[in-house]
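Work through the exercises below with the sequence and the model side by side. Try each task before reading its solution.

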Amino acid sequence: MSDFRSQMEAALAEARAAAGRGEVPVGAVVVAPGGRVVAAAGNRTRELSDPTAHAEMLALRAACAAAGSERLEGHDLYVTLEPCPMCAAAISFARIRRLYYGASDPKSGGVAQGARVFDHPQCHHRPEVYDGIAGAEAGQMLTDFFAHRR
């Protein structure tokens with residue numbers, strides 16, 4: 001379990017940096033086979049004026065560019081919040097091996113909530129999913145962020 005936590009720490013750092021930029025605090029890291037972080041990102045939707053600039057999408061793009069491939073077979077993704085349907089679809093298309101996420105997202109989640117993208121028969125690839133990794137800390141970060149915005 002300590003390896004899970006160490007990789008989630010990098011995602012939490014990205015989430016904190018996103019909050020510092022005024023973005024919703026979500027962070028993601030892509031880990032190659034062997035445990036090396038190959039990409040890390042936090043939300044940048046406001047900064048880039050891009051509704052697709054979620055942490056997961058940015059990390060997947062960077063990891064694919066580094067790999068020189070649209071597929072990340074054998075790679076794992078750690079993200080602080082349950083991915084939305086858009087991100088879940090991208091995770092499937094990228095062939096991510098394992099998805100680890102922190103906080104659940106009852107409003108906009110696409111994995112265990114709402115659309116449940118990986119459960120659809122049209123889903124190309126279903127990663128192994130592990131939830132609740134540093135979920136309390138990730139959830140509190142989101143709660144604090146939105147409390148200050150209201």
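**Exercise 1.** How much space lies in the largest pocket? Then describe its lining.

*Solution.* This is a predicted model, where local features need pLDDT of at least 70, side-chain atom pairs count only at pLDDT 80 or more, and totals for chains, interfaces and linings use all residues. Residues are numbered from 1 along each chain as its sequence is written, and side-chain values use heavy atoms, with hydrogens and water left out.

Step 1. A pocket is an open set of points on a 1 Å grid over the protein atoms alone, where a 1.4 Å probe fits, with protein on both sides within 12 Å along at least five of seven lines. Volume is the space filled by probe spheres set on the points, which are joined across faces, edges and corners. The largest pocket holds about 490 Å³.

Step 2. Its lining has 17 residues (those with an atom within 4 Å of a point). Val-24, Leu-81, Asp-105, Ser-108 and Phe-146 lie nearest the centre.

Step 3. Sort the lining by class: 7 nonpolar, 5 polar and 5 charged. Here Asp, Glu, Lys and Arg count as charged; Ala, Val, Leu, Ile, Met, Phe, Trp, Tyr, Cys and Pro as nonpolar; the others, Gly among them, as polar.

**Exercise 2.** Which residues of helix 4 are buried, and what do the buried residues pack against?

*Solution.* Step 1. Helices (H or I, at least four residues) and strands (E, at least two) are DSSP runs, numbered from the N terminus. In helix 4 (residues 85-94), the buried residues are Cys-87, Ala-88, Ala-90, Ile-91, Ser-92 and Ala-94.

Step 1. Contact means heavy atoms within 4.5 Å. These residues pack against helix 3 (55-67), strand 3 (76-81) and strand 4.

Step 2. Look past the helix end. Arg-95 follows, with a positive phi near 65°.

**Exercise 3.** Is Pro-106 buried or exposed?

*Solution.* Step 1. Pro-106 sits in the loop between strand 4 (98-103) and strand 5 (128-131).

Step 1. Its relative accessible area is 65%, so Pro-106 is exposed.

Key:
Buried means under 20% relative accessible area, exposed over 50%, partly exposed in between (1.4 Å probe, protein chains only).
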